[in-house]
There are 4 protein chains.
Amino acid sequence: MASSLKSKVAEIIFGTDIPAGRRFDVILIICVVISVIVVLLDSVQRIADQYGFLLRAAEWLFTILFTVEYGLRIYAARKPLHYIFSFFGMVDLLAIAPTYLSLFFPGGQYLVTIRVLRVLRVFRVLKLAPYIKEFDRLITAFKASARRILVFLLAVATLAVLLGSVMYLIEDAQAGFTSIPRSIYWAIVTLTTVGYGDISPQTELGQGVAAVIMIMGYSLIVVPLGLVTAAVSRPPLGKHPVKRCPSCTRQGHDADARFCKHCGARLASSD
Amino acid sequence: MASSLKSKVAEIIFGTDIPAGRRFDVILIICVVISVIVVLLDSVQRIADQYGFLLRAAEWLFTILFTVEYGLRIYAARKPLHYIFSFFGMVDLLAIAPTYLSLFFPGGQYLVTIRVLRVLRVFRVLKLAPYIKEFDRLITAFKASARRILVFLLAVATLAVLLGSVMYLIEDAQAGFTSIPRSIYWAIVTLTTVGYGDISPQTELGQGVAAVIMIMGYSLIVVPLGLVTAAVSRPPLGKHPVKRCPSCTRQGHDADARFCKHCGARLASSD
Amino acid sequence: MASSLKSKVAEIIFGTDIPAGRRFDVILIICVVISVIVVLLDSVQRIADQYGFLLRAAEWLFTILFTVEYGLRIYAARKPLHYIFSFFGMVDLLAIAPTYLSLFFPGGQYLVTIRVLRVLRVFRVLKLAPYIKEFDRLITAFKASARRILVFLLAVATLAVLLGSVMYLIEDAQAGFTSIPRSIYWAIVTLTTVGYGDISPQTELGQGVAAVIMIMGYSLIVVPLGLVTAAVSRPPLGKHPVKRCPSCTRQGHDADARFCKHCGARLASSD
Amino acid sequence: MASSLKSKVAEIIFGTDIPAGRRFDVILIICVVISVIVVLLDSVQRIADQYGFLLRAAEWLFTILFTVEYGLRIYAARKPLHYIFSFFGMVDLLAIAPTYLSLFFPGGQYLVTIRVLRVLRVFRVLKLAPYIKEFDRLITAFKASARRILVFLLAVATLAVLLGSVMYLIEDAQAGFTSIPRSIYWAIVTLTTVGYGDISPQTELGQGVAAVIMIMGYSLIVVPLGLVTAAVSRPPLGKHPVKRCPSCTRQGHDADARFCKHCGARLASSD
């Protein structure tokens, strides 16, 4: 009977098949979002002064709720240790530990801010069915072009170092170009078209070079875009490389095709 | 005869088939645009002081015109109540109500600003034939990738919360990072490459982290672009809506398919 | 013989087939670029003070050169009036007229700046063969999606008006949101991710709304990108809609195909 | 035996086939990255004051290491002169020369900054196999659309000159539009959506024109994106390099082609 209770709890906490499981997920996400908002508001001096008690009460409420949930997860998990040391297991622990530790080490700004990691718990929502597929596709598209993006980022970093050094030579320290790292920081701010304006060239030559850098940055973004777009929009031929018509031997069939679109022969069932 | 007058009015106001209907649309749009400009100019102190009377006169002129039009629409609509509570019916009402209400509640800044909603009436122009199709395609492309975009936005929001918290720990309050929400605001300003510069990192460590965030934001935009581009440029399956298997009646066949991929029956030759 | 001289001049000035014609184009472009740089430098107070005489001399040199060229073009053109009132004919005239007019109306800043239009003459370079094709393709891609882009811009403009009005209500005049037009200006600066920072929200609510606007702007750019990309990368099926195999009636053949790729039958010769 | 030693050294330094060669590359890159960081830190006044001796020591250590490596490369290269005057040969020399020269010309800021060129040595990593292919693809995509990008940049430059001149006429010198070149600089900052905010329009008319420019810049980026994306995602013709007509030997057939589109001969079934 304990085992049946355990499997019931597991179904609710980890699963999404039964209504209770889905409802649990929705409530959990709402709690997570509110508790994160509490942490955020707590860092605003004006609000912390006025509603300090309320925020602290809410913080403890959520901490206790999450602690109970954490206990239940360990209890219900088939392999408790495996859960504890999993990514989400660590996040779940980091979501509650700082509040308890703050009893012993009061006033620790770092400790308080760690609680923001709670926000990662929202990604449990991705368990909800159709989102997993979309997320996977995103990850796949990224992985497929990871090496290209790496080469691209290496090129951008090198460019930023070189351009930053050039501007360090050209521009005055008064305009903000006081050291090469700072100039590189400026080059990145410019190449990515962020453009804070906290550092900006003042001399004619500097502005000319900056203009070239801007157009470069504006054009550069084209490259990764083209690469990823191509990776994402490529017809997923590679997904069914074995799907070949046994009669006319032609490929390129849709994943859900059961008959050859060219000759009408029956295809072997996919996967 | 009343009925024939009513149908005539309906044809002019709601339809675009006869020249009078098209001309009515064009005049309506011009009136809407001018009346919106009047509202905008009215909010500029210097202009309101100088041309106040003129602006108020124009405002009343357009309000009366739109009121007559609103009355005619209710009169000519086949289902008046249906029209009144439709989206554009509400917009039409909100376009005139504030001016009348301002007689009783003078000086209400909110009341005056609501009249800007008038601008939405411009979208009636989309009734004009070829634009509807384009607009529909835009909406379709968006809907097709809505779930992906949602997952993407969730990831961006989480990233902004985490990065904002990190910068809150690293940077001084003097540089503008006075609270976590403000730091998150900065992270969004940076990730989206807007870069106001009202808050910007001052320490070496902060600038380093900011540089990483910028490059991240610069690369991140690639993801939704790839997704939507793929959705838009996806082989236009809809182009062969008539290509329907005569045997199993299912659609969605490629343009070059000669046999049904579901049941293997011969398809009618395309076009 | 006069006619043969005329046709010779025409060949050099308008044509690109003979080496002399190409050389003329290259020299012309160099002159145009230098003369534009002279105009630019002339507007910099410090340089104008120091090198005023030199700049004025260069200005007159180029004006005389361009006048001679203008005269030759009228002389050599097959239809002189047609040339004079063509787009480039007007540009050629505007490139020289201001300098002569400045003798009678000295110190006219507007007059001087008009000479910058000279820069348009650089586009004569596009006569050089392979660039015309690329330019045409660009124009074609733009035209193909012009209506979509118009609908998109209309939506962006409406959004900017609505968001600007909302921010006008939310934010203080002290933060720079002094009128609705100014708030709309801010909304456009933010939606396009330019982000000057001359106007930026100061209240928590304002910053929250601004964050939403930024993410909107960041996502919005996806739409036109997808549309144009799709228009550019679409296989040019529409170019040969009539290219249909007479034997198996299938379409989708390449422009250079002479035989059906499906059944091997000879295709009708394209265009 | 000397020859065998030489070929062994060459294998380690230039090759990546044996483990020692790969290990050498990895160590080299780490050294290069650290030595660049040393140069960067050296330019920060505060750090240079505190850790000056340490930085100078590290600088000399890396210089001697790179000198030894440079010597070995000359020794091991099959054609030493060819290596010395190659791109990477020059970079290798520029990576060490400034430090030696600083003995004779102390304090030369230019001399010191040249050492940043060392960062280019990181690209030796691209020798590592799979990256070369990706890099080549990037370069190919760029080259394929080079002419289009050139036409596009020419158009952007012309636009910037014209828009800058217009703003020079419209806006006050007080807002920062003191000369045409400076206004052009502003136009580029705005068109590329960088938006420093060091110069920004103050008048209503100026802000209106600026808004149009921003939307233009926002839309403009679409063009090169579409071009490059199309170039990258173009149906991978190279995917069927073996699909060659047995009769006329021409390539470039579609993946689903069964007959040669040039001569009508039957093609071998794909793959």
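Helices here are DSSP runs (H or I) of at least four residues, numbered from the N terminus. This is a predicted model: local features need pLDDT of at least 70, side-chain atom pairs count only at pLDDT 80 or more, and totals for chains, interfaces and linings use all residues. Residues are numbered from 1 along each chain as its sequence is written.

**C:Ser165**
- C:Ser165 sits in helix H8 (residues 146-170) of chain C.
- C:Ser165 is buried, at 5% relative accessible area. Buried means under 20%, exposed over 50%, partly exposed in between (1.4 Å probe, protein chains only).
- Beyond neighbours within four places in sequence, C:Ser165 contacts B:Thr113, B:Val116 and C:Ile180 (contact means heavy atoms within 4.5 Å).

**A:Asp92**
- Helix H5 (residues 87-104) of chain A holds A:Asp92.
- A:Asp92 is buried, with a relative accessible area of 3%.

**Helix H2 of chain A**
- Helix H2 (residues 19-42) of chain A has 24 residues and should span 34 Å at 1.5 Å a residue. The expected span is 1.5 Å times one less than the number of residues.
- Its end C-alpha atoms are 35 Å apart, which agrees.
- Among the buried residues of H2(A) are A:Gly21, A:Asp25, A:Leu28 and A:Val32.

Terms used
Chains are lettered from A and ligands numbered from 1 in the order in which they are written. Side-chain values use heavy atoms; hydrogens and water are left out. Helices (H or I, at least four residues) and strands (E, at least two) are DSSP runs, numbered from the N terminus.
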